[in-house]
Amino acid sequence: MQFCFAGTLQVNFSFIEMSSCELQKRWQSDNYKNYLKVIEALNYLRDGLGPFSEHVMLDFQSEILIKNNVEPRECTTCSSKHIKKGKLQLECSNNCSKLLKDILNEHKSGKNPMAVYWKNSQIHKWSVDAWEIAKLYMGRGQSEDNNGPRTSDSAAILQLLSNCKRYQIFIPCGEVDKVRYKT
Ligand SMILES: [Zn+2]
(Lines give C-alpha, C1' and ligand atoms only; values in the text may rest on other atoms or scores of the structure.)
Protein backbone atom coordinates (compact mmCIF):
# COMPACT_ATOMS: atom_id res chain seq x y z
CA MET A 1 0.00 0.00 0.00
CA GLN A 2 1.35 3.39 -0.94
CA PHE A 3 0.01 6.87 -0.15
CA CYS A 4 0.88 9.95 -2.10
CA PHE A 5 0.38 13.42 -0.56
CA ALA A 6 0.04 16.34 -2.99
CA GLY A 7 2.20 14.48 -5.44
CA THR A 8 5.36 15.14 -3.44
CA LEU A 9 5.59 12.81 -0.48
CA GLN A 10 5.19 9.10 -0.85
CA VAL A 11 4.90 6.82 2.16
CA ASN A 12 5.23 3.10 1.77
CA PHE A 13 3.21 1.10 4.30
CA SER A 14 4.07 -2.32 2.94
CA PHE A 15 6.16 -3.11 6.01
CA ILE A 16 3.00 -2.75 8.11
CA GLU A 17 1.02 -5.11 5.87
CA MET A 18 3.78 -7.67 5.94
CA SER A 19 3.91 -7.77 9.70
CA SER A 20 0.26 -7.11 10.58
CA CYS A 21 -0.12 -10.57 12.14
CA GLU A 22 3.00 -9.97 14.19
CA LEU A 23 1.76 -6.52 15.16
CA GLN A 24 -1.60 -7.92 16.25
CA LYS A 25 0.17 -10.41 18.49
CA ARG A 26 2.31 -7.67 19.92
CA TRP A 27 -0.66 -5.45 20.74
CA GLN A 28 -2.23 -8.35 22.64
CA SER A 29 0.89 -9.04 24.65
CA ASP A 30 0.79 -7.91 28.30
CA ASN A 31 4.52 -7.19 28.21
CA TYR A 32 4.08 -4.90 25.24
CA LYS A 33 1.15 -3.13 26.90
CA ASN A 34 3.33 -2.58 29.97
CA TYR A 35 6.10 -1.25 27.77
CA LEU A 36 3.68 1.26 26.23
CA LYS A 37 2.50 2.28 29.69
CA VAL A 38 6.09 3.01 30.71
CA ILE A 39 6.62 5.14 27.59
CA GLU A 40 3.42 7.01 28.35
CA ALA A 41 4.45 7.52 31.98
CA LEU A 42 7.82 8.95 30.89
CA ASN A 43 6.04 11.34 28.54
CA TYR A 44 3.77 12.45 31.41
CA LEU A 45 6.85 12.96 33.56
CA ARG A 46 8.48 15.11 30.88
CA ASP A 47 5.30 17.09 30.23
CA GLY A 48 4.77 17.65 33.95
CA LEU A 49 8.32 18.77 34.75
CA GLY A 50 9.01 20.57 31.46
CA PRO A 51 7.25 23.91 32.09
CA PHE A 52 8.65 24.10 35.64
CA SER A 53 12.20 23.35 34.49
CA GLU A 54 11.94 25.94 31.75
CA HIS A 55 10.51 28.59 34.09
CA VAL A 56 13.38 28.18 36.57
CA MET A 57 15.94 28.35 33.75
CA LEU A 58 14.38 31.52 32.30
CA ASP A 59 14.62 33.15 35.75
CA PHE A 60 18.25 32.06 36.04
CA GLN A 61 19.09 33.41 32.59
CA SER A 62 17.39 36.72 33.34
CA GLU A 63 19.26 37.01 36.64
CA ILE A 64 22.72 36.45 35.18
CA LEU A 65 22.07 38.77 32.24
CA ILE A 66 21.17 41.60 34.63
CA LYS A 67 24.02 40.79 37.02
CA ASN A 68 26.61 40.82 34.22
CA ASN A 69 25.04 43.65 32.26
CA VAL A 70 24.61 41.46 29.17
CA GLU A 71 22.32 42.49 26.33
CA PRO A 72 20.19 39.65 24.94
CA ARG A 73 21.74 39.09 21.52
CA GLU A 74 23.54 36.18 19.89
CA CYS A 75 27.30 36.29 20.24
CA THR A 76 29.13 36.33 16.92
CA THR A 77 32.44 35.24 18.43
CA CYS A 78 32.05 32.31 20.81
CA SER A 79 31.42 28.60 20.35
CA SER A 80 31.94 25.55 22.53
CA LYS A 81 35.30 24.84 20.86
CA HIS A 82 36.63 27.98 22.54
CA ILE A 83 36.08 26.50 26.01
CA LYS A 84 39.10 24.79 27.54
CA LYS A 85 39.08 23.47 31.09
CA GLY A 86 35.91 25.41 31.86
CA LYS A 87 37.22 28.74 30.62
CA LEU A 88 36.60 30.67 27.44
CA GLN A 89 39.86 31.21 25.63
CA LEU A 90 38.79 34.57 24.23
CA GLU A 91 36.91 37.65 25.36
CA CYS A 92 33.84 38.85 23.51
CA SER A 93 31.67 41.93 23.69
CA ASN A 94 28.74 39.79 24.94
CA ASN A 95 30.54 38.88 28.17
CA CYS A 96 30.03 35.16 27.55
CA SER A 97 32.90 34.38 29.93
CA LYS A 98 30.99 35.99 32.81
CA LEU A 99 27.89 33.99 31.94
CA LEU A 100 29.99 30.83 31.80
CA LYS A 101 31.31 31.47 35.32
CA ASP A 102 27.79 31.81 36.73
CA ILE A 103 26.53 28.78 34.80
CA LEU A 104 29.42 26.72 36.14
CA ASN A 105 28.83 27.93 39.70
CA GLU A 106 25.32 26.45 39.56
CA HIS A 107 26.56 23.09 38.24
CA LYS A 108 27.03 20.20 40.64
CA SER A 109 30.26 19.46 38.78
CA GLY A 110 31.30 23.10 38.88
CA LYS A 111 34.64 22.23 40.44
CA ASN A 112 35.31 19.75 37.66
CA PRO A 113 34.45 21.66 34.45
CA MET A 114 35.78 18.80 32.33
CA ALA A 115 32.68 16.85 33.42
CA VAL A 116 30.36 19.43 31.84
CA TYR A 117 29.24 18.65 28.28
CA TRP A 118 29.95 22.02 26.69
CA LYS A 119 29.29 20.62 23.23
CA ASN A 120 25.66 20.11 24.24
CA SER A 121 25.08 23.83 23.95
CA GLN A 122 25.15 26.51 21.31
CA ILE A 123 26.91 28.90 23.62
CA HIS A 124 26.47 31.92 21.35
CA LYS A 125 22.74 31.71 22.20
CA TRP A 126 23.07 31.81 25.99
CA SER A 127 21.67 35.32 26.29
CA VAL A 128 18.69 34.71 23.97
CA ASP A 129 17.77 31.08 24.61
CA ALA A 130 17.67 29.83 28.20
CA TRP A 131 17.34 26.23 27.04
CA GLU A 132 20.86 26.37 25.61
CA ILE A 133 21.99 27.01 29.20
CA ALA A 134 19.76 24.19 30.47
CA LYS A 135 21.42 21.68 28.12
CA LEU A 136 24.74 22.15 29.93
CA TYR A 137 23.25 20.38 32.94
CA MET A 138 22.09 17.43 30.85
CA GLY A 139 23.91 14.29 29.75
CA ARG A 140 26.21 14.06 26.78
CA GLY A 141 24.84 14.25 23.25
CA GLN A 142 22.10 16.90 23.37
CA SER A 143 21.52 18.09 19.83
CA GLU A 144 20.55 21.42 18.30
CA ASP A 145 17.09 19.92 17.81
CA ASN A 146 16.61 19.86 21.56
CA ASN A 147 15.30 23.40 21.84
CA GLY A 148 12.89 23.16 24.77
CA PRO A 149 11.21 20.76 27.21
CA ARG A 150 8.98 19.29 24.48
CA THR A 151 12.00 18.15 22.49
CA SER A 152 13.87 16.81 25.54
CA ASP A 153 13.35 13.37 26.94
CA SER A 154 12.42 12.74 30.55
CA ALA A 155 15.95 11.50 31.40
CA ALA A 156 17.50 14.75 30.18
CA ILE A 157 15.07 16.85 32.23
CA LEU A 158 15.78 14.77 35.34
CA GLN A 159 19.52 15.29 34.75
CA LEU A 160 18.90 19.03 34.53
CA LEU A 161 17.00 19.02 37.83
CA SER A 162 19.67 16.92 39.46
CA ASN A 163 22.77 18.72 38.17
CA CYS A 164 21.64 22.34 38.42
CA LYS A 165 21.66 23.77 41.93
CA ARG A 166 18.89 26.24 41.04
CA TYR A 167 16.33 23.49 41.49
CA GLN A 168 17.48 22.42 44.92
CA ILE A 169 15.34 24.97 46.74
CA PHE A 170 12.24 23.42 45.15
CA ILE A 171 13.11 19.75 45.50
CA PRO A 172 14.19 17.96 48.68
CA CYS A 173 17.78 16.73 48.56
CA GLY A 174 18.19 13.45 46.70
CA GLU A 175 14.56 13.12 45.55
CA VAL A 176 15.36 13.73 41.85
CA ASP A 177 18.10 11.12 41.87
CA LYS A 178 15.74 8.58 43.39
CA VAL A 179 13.41 9.07 40.40
CA ARG A 180 16.31 9.19 37.92
CA TYR A 181 17.67 5.84 38.93
CA LYS A 182 14.24 4.23 38.82
CA THR A 183 13.53 5.39 35.25
ZN1 LIG B 1 30.72 35.41 23.34
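Reader: What should I know about the numbering and the model before I begin?

Author: Residues are numbered from 1 along each chain as its sequence is written. The model is predicted, and local features need pLDDT of at least 70, side-chain atom pairs count only at pLDDT 80 or more, while totals for chains, interfaces and linings use all residues.

Reader: What is the average pLDDT of the chain, and which element has the lowest mean?

Author: pLDDT is the predictor's confidence in each residue, from 0 to 100. The chain averages 86, and 86% of the residues score at least 70. Among the elements, strand β1 (residues 2-5) has the lowest mean at 38, whereas α5 has the highest at 98. Over residues 1-15 the pLDDT stays under 50.

Reader: How many helices and strands does the chain have?

Author: Helices (H or I, at least four residues) and strands (E, at least two) are DSSP runs, numbered from the N terminus. Here there are 7 helices and 4 strands, and their order from the N terminus is β-β-α-α-α-β-β-α-α-α-α.

Reader: Where in α3 does a kink lie?

Author: The bend at a residue is the angle between axes fitted to the seven residues ending there and the seven starting there. In α3 a kink of about 35° lies at Leu49, shortly before the proline Pro51.

Reader: Which residues of α3 are buried, and what covers them?

Author: A residue is buried if 20 or more other C-beta atoms lie within 10 Å of its own, exposed if 12 or fewer, and partly exposed in between, with C-beta atoms placed from the backbone. The buried residues of α3 are Arg46, Leu49, Ser53, Met57, Phe60, Gln61, Ile64 and Leu65, and what covers them includes α4 (96-105), α5 (130-134) and α6 (154-163). By contrast, Ala41, also found in α3, counts as exposed because it has 12 C-beta neighbours inside 10 Å.

Reader: Which residues have the most contacts inside the largest nonpolar core?

Author: In soluble globular proteins, nonpolar side chains tend to be buried together. A nonpolar core is a set of buried Ala, Val, Leu, Ile, Met, Phe, Trp, Tyr and Cys residues joined through C-beta atoms within 7 Å. The largest one here has 32 residues, and those with the most contacts inside it are Cys96, Ile133, Ala134, Leu160 and Leu161. Helices α3, α4, α5 and α6 each supply at least two residues of this core.

Reader: What is Leu160 in contact with, leaving aside its neighbours within four places in sequence?

Author: Two residues are in contact if their C-beta atoms, placed from the backbone, lie within 7 Å. Leaving those neighbours aside, Leu160 is in contact with Ser53, Ala134, Tyr137 and Met138.

Reader: Which residue takes a positive phi just after α3?

Author: Most residues other than glycine have a negative phi. Just after α3, however, Asn69 takes a positive phi of about 55°; Asn69 is found in the loop between α3 and β3 (83-84), and counts as exposed because it has 8 C-beta neighbours inside 10 Å. Lys85, which is not a glycine, has a positive phi of about 50°, and is found in the loop between β3 and β4 (87-88).
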